Amino acid sequence: MRCPHLPDGFDFTDPDLLQSRVPHPEFAELRQTAPVWWCAQPTGISGFQDDGYWAVTRHADVKYVSTHPELFSSHTNTAVIRFNESISREQIDVQKLIMLNMDPPEHTRVRQIVQRGFTPRAIRSLEGALRDRARGIVDAALSEADKNDGAFDFVTQIAVELPLQAIAELIGVPQEDRTKIFDWSNKMAAYDDPEYAITEEIGAEAAMELVSYAMNLAAARKECPAKDIVSQLVAAEGEGNLLSDEFGFFVILLAVAGNETTRNAISHGMHAFLTHPDQWELYKRERPVTAAEEIVRWATPVVAFQRTATQDTELGGQKIKAGDRVGIFYSSANNDPEVFEEPDRFDITRDPNPHLGFGGGGPHFCLGKSLAVLEINLIFNAIADVLPDLRLAGDPRRLRSAWLNGIKGLRVTHG
């Protein structure tokens with residue numbers, strides 16, 4: 001292995017970097033020269049009192065870390081690879097109550113309860129309602145566009161809506177309250193973007209408001225069970241239930257992991273289609289079932305999560321010490337030429353497509369994968385039916401974030 005040619009101080013979690021681009025050339029350099037590479041950081045810059053993390057960039061190594069929770073913990077420092085330097089350790093530790101930041105066996109217990117709401121039967125039961133909602137969202141966007149010479153913002157008019165409505169449908173939140181969930185989740189996830197002027201304190205307040213909302217919902221279902229997922233999770237007799245606060249933190253996970261990620265996949269997917277018109281024409285003509293998976297690979301909404309080594313170990317020829325943070329970079333793994341032929345080509349017929357956009361396997365593989373794929377399929381089918389002549393009207397406005405590949409604005413036009 002030769003030394004990678006990266007600028008001094010280069011950091012894959014620099015939010016200014018991710019606001020401008022995903023660093024694919026630098027990922028390629030590491031995959032070839034130092035697939036497990038020490039990224040030095042000033043102490044405390046990411047909220048952790050250490051001096052950096054190991055960047056893991058190859059598909060096989062990301063999978064290995066993901067599938068060995070006994071060696072690589074989600075709980076020790078959470079799965080979020082970078083907060084900002086003003087966060088306290090207490091604020092970080094509170095987040096360990098979210099399933100994403102648990103290790104077995106506690107993670108196993110909570111996941112076994114929660115997955116009742118994500119069975120194939122449960123997802124199929126949502127399909128009809130979500131298909132109608134997808135069509136209604138696109139019809140409304142068309143109506144709004146016609147009032148503005150055909151132009152509108154794709155993110156706010158289309159991409160944000162179906163994930164929010166799906167969560168509302170899933171857990172029985174009144175549809176009129178979905179904007180509250182949007183606002184709370186934005187405040188929790190967008191603290192690095194100055195446009196939103198969100199501080200860690202505002203983000204923490206939003207999280208507690210969402211937890212409180214969800215706990216009240218859980219309490220109501222315990223008092224009067226209904227035929228919905230909330231009742232299944234908190235009020236089912238003799239099956240093991242979530243406590244009210246556990247349900248509250250599960251809703252946080254849904255609001256961020258289920259809302260932000262699917263919204264960004266849809267936004268990136270539309271941008272990909274409009275910058276690859278041959279693929280848009282193919283999609284409109286054939287609607288291949290492989291499209292959603294390629295959209296997720298291409299977008300990779302979560303650039304990276306992290307784990308913390310529980311003991312001295314070795315990965316990719318590097319000795320990793322107990323307590324070291326390890327960044328697993330899905331954006332790099334999903335462009336690994338050892339796994340994907342022509343990875344920089346957007347190909348909605350790609351099959352097989354063993355991308356890691358839903359995680360690298362193991363205990364934290366995305367519980368909501370089937371729901372996300374359903375949402376992506378439904379919204380693009382509706383767009384192809386109602387707005388087949390969409391065109392770009394500007395460059396995407398990217399989110400400033402240390403770990404999300406986010407788009408906060410995408411102007412489009414039709415007609």
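Analyst: There are zero disulfides in the structure, a disulfide being a pair of cysteine sulfur atoms within 2.5 Å. This is a predicted model, in which local features need pLDDT of at least 70 and side-chain atom pairs count only at pLDDT 80 or more, while totals for chains, interfaces and linings use all residues. Residues are numbered from 1 along each chain as its sequence is written, and side-chain values use heavy atoms, with hydrogens and water left out.

Cys-39 has a relative accessible area of 0% and is buried, whereas Cys-224 is exposed at 54%. Buried here means under 20% relative accessible area, exposed over 50%, and partly exposed in between, using a 1.4 Å probe and protein chains only.

The largest nonpolar core has 133 residues, and the members that touch the most others are Phe-154, Phe-247, Phe-380 and Ile-383. Helix α12, residues 244-275, gives the most to this core, with 15 residues. A nonpolar core is a set of buried Ala, Val, Leu, Ile, Met, Phe, Trp, Tyr and Cys residues joined through side-chain atoms within 4.5 Å. Helices (H or I, at least four residues) and strands (E, at least two) are DSSP runs numbered from the N terminus. Beyond its neighbours within four places in sequence, Phe-247 is in contact with Ala-214, Leu-217, Ala-218, Val-230, Leu-233, Val-234 and Leu-242, where contact means heavy atoms within 4.5 Å.

On a 1 Å grid over the protein atoms alone, a cavity is a set of points where a 1.4 Å probe fits but cannot get out; a pocket is an open set with protein on both sides within 12 Å along at least five of seven lines; and lining residues have an atom within 4 Å of a point. Grid points are joined across faces, edges and corners, and a volume is the space filled by probe spheres set on the points.

The structure has two cavities of 30 Å³ or more. The largest cavity holds about 640 Å³. It is lined by 37 residues, with Ala-257, Thr-261, Cys-366, Leu-367 and Gly-368 closest to its centre. Two or more lining residues come from each of α5 (106-114), α12, β5 (304-309) and α16 (369-386). The largest share, eight residues, is from α12. This lining is made up of 23 nonpolar, 11 polar and three charged residues. In these classes, Ala, Val, Leu, Ile, Met, Phe, Trp, Tyr, Cys and Pro are nonpolar, Asp, Glu, Lys and Arg are charged, and the others, Gly among them, are polar.

The second largest cavity has a volume of about 50 Å³. Its lining consists of Leu-97, Ile-98, Met-99, Met-102, Val-110, Glu-246, Phe-249 and Phe-250, and α12 again gives the most, with three residues.

The largest pocket has a volume of about 590 Å³. Among its 30 lining residues, Gln-95, Ile-98, Met-188, Ala-207 and Ile-252 lie nearest the centre. Here α12 supplies the largest share, seven residues, and the lining has 22 nonpolar, five polar and three charged residues.

The second largest pocket contains about 460 Å³. Of its 22 lining residues, Val-22, His-24, His-268, Trp-298 and Asn-405 are closest to the centre. Its lining has eight nonpolar, nine polar and five charged residues, and α12 gives the largest share, four residues.
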